[in-house]
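Here is a friendly walk through one protein model, meant to be read with the structure open beside you.

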Amino acid sequence: MEIINPNGKKTIQVSTEWLGRKLTLEVNRVGFRTTSSVLVTYGDTVVLGSVVVGTKPVVQDFFPLSIDYEEKWYAAGKISGSKFIKREGKPADEAVLVGRLIDRPIRPLFPKGYRQEVQVVCTVLSMDPNFRPDCVAMIAASSALMNAGVPFDGPIAGIRIGRIGGEFKGFLSPEEREISPLDLVVACKDGKIMMVEAGAKEVPEETILEAMHWAVSNVQPVLDLQRELSKQVAAPEQEYELVLPDEAILEEVANWTASKFGSKIRGNVMERAQMLDDIKYAMHDEFALSKGQGETDNEKVEWYDENLRDVYDQAFELAVHKEVRRGIVEEGVRPDGRKLNEVRPLSSQVGILPRTHGSSLFTRGVTQAMNIVTLAPLSYAQEVDTMEVTNGKRRYMHHYNAPSYTVGEPGRIGSPGRREIGHGYLAERALIPVLPSEEDFPYAIRSVTEIMSQNGSTSMAATCSSCMALMDAGVPISRPVSGVAMGLMVDVPKGQPIEASDIDKAYVLTDLMDAEDFAGDMDFKVTGTTEGITALQMDMKVHGLPVEIMEKALKQSHEGRMFILDHIMSVIDKPRAEISKFAPQIEKLMVKPEKIGMIIGKGGETINKITSETGAEVDIEDSGLVTVAGTNAESIKKALDWIHSLIDEPEVGKIYEGTVVTIKDFGAFVNIMPGVDGMLHISQITDKKRLKSVDEVLHVGDKIRVRLVAVDERGKLSLSMIGVE
């Protein structure tokens, strides 16, 4: 049945076959009051991409673009597992990360100086459990922007790629993702890469590059479908003005600063910042950016024309960025004097905090990260219950904090923002492939990076510091991990697309710092071991890069990673042999899953009794892994002995501590395990004399040592005291 659109518009639908499923884009069915809304259906997944463009006058000095990804429990046929809150509230970290994933390839495709407020919301209405919906949401956001009449240089599309049986595959099932060594998201635009994010199990660089080529060649049908829909919709272009610096002022400032830049402003970060401030203040005086002077308390006070000064300051900032690019392209020299492939000075320490379980301090130039590792029983793992995951557990948690004082500015201290969540997740993903299994190391692990000072590449500093702190804590990681941020400046005329033939004009920078990030074209973070890549993330400011230039950056990153890895191993080359004496001691055992109930007891009565009477903490996994944690070895032993007494089966030849429960003429019944009694015949009590009666030696309640000598076909146990000391 045709939906009656109050705007008099007909529903438009376009479809194509893509990677084994039908992909459909539809407009004018819902979202009548948005600037643009597109329903995207792929398999049983349905995502609504909505765009609203603000109509108020532009007053911001930045581009107010927001992109949100909304998970709905109903999309997966679920109700929240919380006992108290059943409606969706604050987005989970996973939803924040998907929002960032969509934002990163879209933001660079708006023109500089565009200031209109744009809000993009991707709402998952139905979720096919056979694949993740994030890349479908990315398509919905791109398609909605294509039909909003805004200056968006799209479309884009993303694919999440895995590797099964040596072959690349898009939209893997949860079971396939578990066995795939690669989990890679690539956003593409007309044969170019816009964004890359990956987690990998030490995958070679060559495999990553092959996957990028695969993504570029397979995404084109989706881009063509978005253009087809946009052509049929024919949305009118909205009027807008670009807020750009006055060309005359730009030229004036560029000419004035030309003689003051170059080698005169190269040096360490602190010195350079002061030199640039001095030049900027001199510029204020040179161009008389003040309204006038007056007197207050016998002191002369100068009042600046703030609007005019802001314009000149913006022009000055652009001149600084241009100078950074000129120095790199023309002289091969970076703002701090480094070569293009040179890492900043490194210095690190481990074990710097006396009471923590593991700690480290990683310093690279002015960027500094302290990491603290805390170990706890597995019951302290984070429970994950989202639209996509039910009753999941996050055993390794990396949290990243970077307050404003780390950049020398005052600011509000509050809950972590999208950047903090994203950086923490990237560093977490980098270490997961080298962590020991729960069976080998039954601990929950929390790693917290406290950034102490920032000047670019803090997420990679967090990766390196967390690796060292994990080893300091005695976590038996398989291999150390290092990370490096790569930058790029491509010397092509402004507005000209970058092609594979421009590879000789692409200047790759190892260990990116802030000044180069602000002036550059790309920020590419790579982590890994000597065996391969464990995580990567790439953002850019240009309208796409060919894979050939990405390959150049990836190859140079390997050299940087190995240099930093050598430094890490010079500080601590392997995990400590023992964990900290302040960490909980944990012992483990595997039991048959059907015996778990015996340990727990009715309503948890048995396990609670073990915990309260021994002081140890007992955790049980569905797999049958039982961990016992305590502050001392004695409490752990008591709890383990208790558990063994509950689950162990009688073993012929083993000696047991038993209790006499019944006396008979022919012998005694002895309880050797909970619920397990054996028969001690009168002839097996002693071989030193013949007993006329059992009670000559034994009485009910006596504690005796017996050996299990036989178990008959009916399960009856025969015991003996002879030869047992």
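## A buried lysine and its surroundings

K78 has a relative accessible area of 17%, so it counts as buried, the cut-off for that class being under 20%. Please keep in mind that this is a predicted model. To find K78 on your screen, look in the loop between β5 (65-70) and α1.

What does the side chain of K78 make a polar contact with? The partner is the side chain of D385, at 3.3 Å. Leaving aside residues up to four places away in sequence, K78 touches W73, D385, T386, M387, V389 and T390.

## Helix α1 and its two partners

The loop that holds K78 leads on to α1, and this helix, residues 93-106, packs against two others described here, α2 and α9. The table sets the two pairs side by side.

| Helix pair | Angle between axes | Distance between axes |
|---|---|---|
| α1 (residues 93-106) and α2 (residues 134-146) | about 40 degrees | 10 Å |
| α1 and α9 (residues 418-431) | about 95 degrees | 10 Å |

Let us take α2 to start with. The axes of α1 and α2 meet at an angle of about 40 degrees, which means that α1 is oblique to α2. Their crossing is right-handed. On the α1 side, the contact is made by V98, L101, I102, P105 and I106; on the α2 side, by D134, A137, M138, A141, S142 and L145. Sorted by class, the residues of this contact are nine nonpolar, one polar and one charged.

Now turn to α9. With an angle of about 95 degrees between them, α1 is roughly perpendicular to α9, because angles of 65 to 115 degrees fall in that class. Here α1 contributes D93, V96, L97, G99 and R100, while α9 brings R418, R419, I421, G422, H423 and Y425. What classes of residue make up the contact of α1 with α9? There are four nonpolar, three polar and four charged residues.

## Backbone details in the loops

Some loop residues deserve a look at their backbone angles. L19 has a phi near 50 degrees, a positive value in a residue other than glycine. L19 sits in the loop between β1 (12-18) and β2 (21-27), and its relative accessibility of 30% makes it partly exposed.

N28 also has a positive phi, near 70 degrees, and is likewise a residue other than glycine. Its loop runs between β2 and β3 (36-42). Is N28 buried or exposed? With a relative accessible area of 18%, N28 is buried.

Further along, the peptide bond from G154 to P155 is cis, and its omega is near 5 degrees. P155 belongs to the loop between α2 and β7 (157-164).

## The whole chain

Stepping back, the protein chain has 15 helices and 31 strands. Its C-alpha atoms fill a box of roughly 120 × 75 × 55 Å, taken along the principal axes. The chain has 725 residues, of which 51% count as buried; K78 and N28 are among the buried ones.

Terms used
Residues are numbered from 1 along each chain as its sequence is written. This is a predicted model: local features need pLDDT of at least 70, side-chain atom pairs count only at pLDDT 80 or more; totals for chains, interfaces and linings use all residues. Side-chain values use heavy atoms; hydrogens and water are left out. Axes are lines fitted to C-alpha atoms, for helices over the stretch in contact, and angles run from 0 to 180 degrees between N-to-C directions. Helices (H or I, at least four residues) and strands (E, at least two) are DSSP runs, numbered from the N terminus. Angles under 35 degrees count as roughly parallel, over 145 as roughly antiparallel, 65 to 115 as roughly perpendicular and the rest as oblique. A crossing is left-handed if the near helix is turned anticlockwise from the far one by less than a right angle, and right-handed if clockwise. Contact means heavy atoms within 4.5 Å. Ala, Val, Leu, Ile, Met, Phe, Trp, Tyr, Cys and Pro count as nonpolar, Asp, Glu, Lys and Arg as charged, and the others, Gly among them, as polar. Buried means under 20% relative accessible area, exposed over 50%, partly exposed in between (1.4 Å probe, protein chains only). A polar contact is a pair of N or O atoms within 3.5 Å; within protein, one must be able to donate a hydrogen and the other to accept it, and residues adjacent in sequence count only if both atoms are side-chain atoms.
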